[in-house]
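I opened the model to look up a few strands and a chain contact. My notes follow in the order I took them.

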Amino acid sequence: MSVFSQAFLVTWLTAGIRLGGPVLLAALGETFAERSGILNLGIEGILLLGALASYLTSIHTGSLWLPLFAAMLTGFAAALFLAWMYVTVRASQVVVGLVFNVLALGIAATVYRRTLAHASPGPIAMFQAVHIPWVSDLPIVGPTLFSQTLPLYLTLVLVVVAHFALFHTRFGLGLRAAGENPRAADAAGISVPRMRYLGTLISGAAAGLAGGYLVLAQIGLFRDSIVAGQGFIALGIVIFGRWSPWKAALAAMVFGTCDALQLSLQLLGTHLPEELLLSIPYVVTILAISGIFGGRDVRPAALAVPYAKEA
Amino acid sequence: MRISRRSFLNSASTLALGGLIPRAPAQGRPTKVVLLLTGVINDGGWGQLAYEGIERLRADPRFYATYAEDITLAQVQQVARGYSDDGFDLILGHGFEFSSALLDVAPDYPHQAYFVTSFIPNHPVPRNVMFVNMGYFDAAYAAGALAALISNKRQAVGFVGGADDPNQQRMKLAFIAGAQRTVPGIRGLGIITGDYDNAAKGREAASTLIGTGCDVIWHAADVTGLGVIQGVAQSASSAHVKVMGCYSDQTSLAPNHMATSFEMNLAGMVTTTADAVANRTFTGGTEWHPTVDKMWLLRAGSHGKYNPSLVSAQAWSTFQQLWSSLAQGKIDVSAAVAALQQ
């Protein structure tokens, strides 16, 4: 098999898009939080809680959509707590977010062990790849783009919705103003705390949903280590995507395909050290977020800066 | 070098009491055992199986057994020292990550025993530290051979590894050697994912191997391996693809695809070591070499040792001969791996 063969391309690109899906969903939500001025580092923990909620709901209901809803609701509830800490208490966003991830791991491990660890319920019902007549049979793009699961298509629809909401609505304008210049936004009658609450809640709901996506469309199991840093990767994708949903989608797919490329290249006998191949996605992401290729100017100016209205 | 009177007296008393040989627990007090893990006890594999050994010890009144999980690399030495200060008779570090930390800590507690589930390093080790060769490479060679024997297409079989460490790299090579030597003409392939906890990546590694023509896949990647099993079960061409489990019996995860599982007898390793400390037969400074058939058990849920709808009787019979030869040391896996590397 060579890198130009159809089998190689289909296997690589399909895997890459699948790997990019949950990361993109979490990154989309985080874009809203960061555009409002909130650096929500707690999304790694929210992903884990969402994954657990979807797994437990699936075991008890056997449904596919209800677990996704449960994951979203769990993410929303966790984000409500985080938003209170970030916006109302005005605690350090970095410290709260990181500590929340540790707390979430503890909660997930405890709940899982108390409810299921000894029951060994095994895999749950999962979303299957959807075969779309005609287009799924097209060479290369058919299996790559049109034989994916519904959560991936839902995520792609959300990219369009997110772009429209952020850049073509009054809500989006207010949210971005809260993240760029909260004092000016306040003077213009925009409630900065409200915008920041909404941004964090959207981020939490999306991260919870991404956890559900991971379980219901990719793994079908739960272990308290399954998120494996994907929340942190989503944070990198937001910067890589220059705080834009479209670019985040592109960035997530670049990351996913780079991640999948190192798997495929190992089978080609390239004689490159595996350490080098394994580092490809991370090197690409680090270079992209480093600012070497521009993009520093689009970072929300008031990101991670708590806001207090002057008396 | 100045030797203080205190250090001289300490050294003399240590020698008089038998050097660095661990002392048996005081009469009437249970042997205190702690299992240290960088992972978790419910991972369904590596950590869980060792923890089952702790549970067995808890049922035995001769022992007081506990565990500490999710220990970060930065905490390893501090945690090991803490349990040593608390007077634990046996401190089991589960994984190579504990090797250097326990080697540092052990000389300060000469009457306590330390056990690392990893290969012995190339330099001398204290007499209260024991290592173990768990027959990874023999097991990987056997897995490669069995994968080749049960392959329907006889084109390619695949291995998925976890972290990019020398052990996993060598397991990959042993798997490939086992496959290619057992069924000439078949290709052995391997992917190292770089991660033991990324099930999503494990799934894609399986998909990549299937896309390359593999119809039997074995993993040694812990939680990442759970994704490998799902990757086989969810693959569009999964009807013809078989998977083999590792570390624990994973039949329930994909009953229609799981040919067998190479289960590590880690619980037995924990209880045997604890017994040795309690009975004062623990021999530190060495590497324990259990044979592959004692360290690895073949399991397939209610089917017994293998799933007969996925493994033919003839293939199993051939495999049994190879398994027996490995246990008797008649197959030189190191030589097979070296030949592959040339």
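I started with a strand pairing in chain B: strand β6 (residues 156-161) runs parallel to β8(B), and five bridges join the two. The model is a predicted one, so I read every value here as computed from it.

I then looked for a residue pair in that pairing. B:Phe159 has B:Trp218 of β8(B) as its bridge partner.

Next I checked what else pairs with β8(B). I found strand β9 (residues 242-247) of chain B, also parallel, over three bridges. In this pairing B:Val216 is opposite B:Lys242 of β9(B).

I looked up whether β8(B), residues 214-220, is covered or open. The strand is mostly covered, with seven of its seven residues buried.

I moved to the contact between the chains. I noted 35 residues of chain A in contact with 30 residues of chain B. On the chain A side, the elements that give two or more residues are α1 (6-35), α4 (93-115), α9 (192-219), α11 (245-265) and α12 (274-289). The largest share, six residues, comes from α1(A). By type, I list that side of chain A as 20 nonpolar, eight polar and seven charged residues.

I finished with α1(A). I checked its length: at 1.5 Å a residue, its 30 residues should span 44 Å, and the end C-alpha atoms are 40 Å apart, which agrees. I also noted a bend of about 35 degrees at A:Gly21, with a proline, A:Pro22, following within four residues. After α1(A) comes A:Gly37, which has a positive phi near 105 degrees.

Methods
Residues numbered from 1 in each chain as written. Chains lettered and ligands numbered in written order. Predicted model: local features only at pLDDT ≥ 70, side-chain atom pairs only at ≥ 80, totals over all residues. Buried ≥ 20, exposed ≤ 12 C-beta atoms within 10 Å, placed from the backbone. Pairing = 2+ DSSP bridges. Contact = placed C-beta atoms within 7 Å. Nonpolar A, V, L, I, M, F, W, Y, C, P; charged D, E, K, R; others polar. Expected span 1.5 Å × (residues − 1). Bend = angle between axes of the 7 residues up to and from the residue.
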